Amino acid sequence: MTQSLREVWQYRGLIGNFANREIKGKYKGSLLGSAWSLINPLATLATYSLVFGFILRFPTPVAGNGTLQSFPIYLFTALVVWNFFHAVTTSGMGALVGAGPLLRKIHFPPFAPVMGSALAVLNQTAIEFGLLVVVYLVVQNISWTILLVPVLLLLLGAFALGLGMLLAIVNARFRDVAYIVTVLLGLLFYASPIIYPITLVTDLYAAHPWLRIYEYNPITSFVESFRAVLWHLDFPGWGRLAYLTVLSLVVLAVGWTFFQRKAADVSEEL
């Protein structure tokens with residue numbers, strides 16, 4: 001573990017360069033540039049709010065301040081979490097394949113572009129979370145529980161990065177993986193309480209044994225934890241925090257170990 005951290009620290013400059021290149025290249029050539037960082041999530045939020053909040057009228061629980069009951073804010077809280085997880089998990093695959101020509105010419109650790117892409121995602125996430133916090137301040141739904149957001153974000157980042165490193169290696173050998181992951185993440189999105197409150201499922205299927213699997217779905221746990229501290233202004237519970245901590249560290253350790261063992265084998269195939 002110490003050796004791994006030392007290696008990452010040694011190449012921090014290179015990881016930062018990959019992150020900068022990713023951020024600068026993302027909206028290169030577009031007329032509105034970085035404004036798309038706000039336009040894209042807001043457009044998605046407007047679409048889901050219209051369909052699920054206005055047309056289908058999904059119920060919205062009352063927030064922690066006892067008065068707020070806005071479906072767009074409730075939805076945006078979960079969408080920010082999902083966007084971060086989705087972007088970190090999938091960006092590593094493209095980053096490793098994209099760095100292939102450079103890897104054949106210059107020697108550098110293959111984890112640098114993968115970590116750089118994850119770091120670049122933080123830029124977008126910071127904008128979205130910043131906007132979310134401002135909204136909660138304006139509607140006066142805020143408490144000390146907001147201090148837990150960086151902790152949850154760190155755990156979610158570790159979980160997504162570990163998964164992303166594992167997928168990046170498998171995708172480097174079998175390019176179909178990127179397409180399969182897109183399909184599976186689409187299923188996971190609707191199998192998690194992002195666009196609907198979790199009570200829609202738990203109330204309807206309380207007697208079904210598979211409900212435990214649904215509740216222990218990592219994305220369900222992360223979304224519910226973020227909603228607990230930001231929407232309900234509650235502590236998510238020591239049991240859930242312990243579960244997310246162990247899960248994130250295990251996935252990160254497995255992803256890192258697998259990546260380091262297989263990276264040399266796939267470098268020639270990139």
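Reader: Which residue with a positive phi follows α6?

Author: Glutamine 140 follows α6, and its phi is positive, near 60 degrees. Keep in mind that this is a predicted model.

Reader: Where does glutamine 140 lie?

Author: In the loop between α6 and α7. Glutamine 140 is not a glycine, yet it has a positive phi of about 60 degrees.

Reader: Is glutamine 140 buried or exposed?

Author: Exposed. Its relative accessible area is 64%, and the cut-off for exposed is over 50%.

Reader: How do α4 and α6 cross?

Author: Helix α4, residues 71-98, and helix α6, residues 111-138, have axes that come within 8 Å. They cross at roughly 170 degrees. That crossing makes α4 roughly antiparallel to α6.

Reader: What kinds of residues make up the contact of α4 with α6?

Author: The contact of α4 with α6 has 18 nonpolar residues, 6 polar and 1 charged.

Reader: Where is glycine 94, and how accessible is it?

Author: Glycine 94 is in helix α4. Its relative accessibility is 49%, so it counts as partly exposed.

Reader: How far apart are the C-alpha atoms of glycine 94 and valine 81?

Author: They are separated by 21 Å. Glycine 94 and valine 81 are 13 residues apart along the chain.

Reader: New topic: α11. How many residues, and what reach?

Author: Helix α11 covers residues 218-230, which is 13 residues. From first C-alpha to last, α11 reaches 18 Å, close to the 18 Å expected at 1.5 Å a residue.

Reader: Why is α11 largely enclosed?

Author: Because 12 of the 13 residues of α11 are buried, the rest of the structure largely encloses it. The buried ones are Ile219, Thr220, Ser221, Phe222, Val223, Glu224, Ser225, Phe226, Arg227, Ala228, Val229 and Leu230.

Reader: What does the side chain of asparagine 217 reach at the start of α11?

Author: The backbone nitrogen of isoleucine 219. A side-chain oxygen of asparagine 217 comes to within 3.0 Å of that nitrogen.

Reader: On to rings. How many aromatic pairs are there in the whole structure?

Author: A search finds 13. Among them, phenylalanine 18 and phenylalanine 108 form a tilted pair, 5.7 Å centre to centre, with 45 degrees between the planes.

Reader: Which parts does that pair of phenylalanine 18 and phenylalanine 108 tie together?

Author: Phenylalanine 18 lies in helix α2, residues 12-26. Phenylalanine 108 is in the loop between α5 and α6, so the pair ties together parts that are 90 residues apart in sequence. Both phenylalanine 18 and phenylalanine 108 are buried.

Reader: What about phenylalanine 159 and phenylalanine 222?

Author: They form a tilted aromatic pair too. The centres are 6.0 Å apart, and the planes are at 45 degrees. Phenylalanine 159 is in helix α7, residues 149-173, and phenylalanine 222 in helix α11, 63 residues apart. Phenylalanine 159 and phenylalanine 222 are buried.

Reader: Which residues do ring pairs link into a cluster?

Author: Trp82, Phe85, Phe159, Phe189, Tyr190 and Phe222.

Reader: Staying with α7, how accessible is valine 151?

Author: Valine 151 is in helix α7. It counts as partly exposed, at 42% relative accessibility.

Reader: How far is valine 151 from leucine 241?

Author: In space, 9.6 Å, C-alpha to C-alpha. In sequence, valine 151 and leucine 241 are 90 residues apart.

Reader: Last one. Where does aspartate 265 lie, and how far is its C-alpha from that of arginine 173?

Author: Aspartate 265 lies in helix α12, residues 238-267. Aspartate 265 is partly exposed, with a relative accessible area of 43%.

How values were computed:
Residues numbered from 1 in each chain as written. Predicted model: local features only at pLDDT ≥ 70, side-chain atom pairs only at ≥ 80, totals over all residues. Heavy atoms only, no water. Helix = DSSP H or I, 4+ residues; strand = E, 2+ residues; numbered from the N terminus. Expected span 1.5 Å × (residues − 1). Buried < 20%, exposed > 50% of the residue type's maximum accessible area, 1.4 Å probe, protein only. Polar contact = N/O pair within 3.5 Å; in protein donor to acceptor, adjacent residues only side chain to side chain. Axes fitted to C-alpha atoms, helices over the stretch in contact; angles between N-to-C directions. Parallel < 35°, antiparallel > 145°, perpendicular 65-115°, else oblique. Nonpolar A, V, L, I, M, F, W, Y, C, P; charged D, E, K, R; others polar. Phe/Tyr/Trp six-rings, centres within 6.5 Å; stacked < 30°, edge-to-face > 60°.
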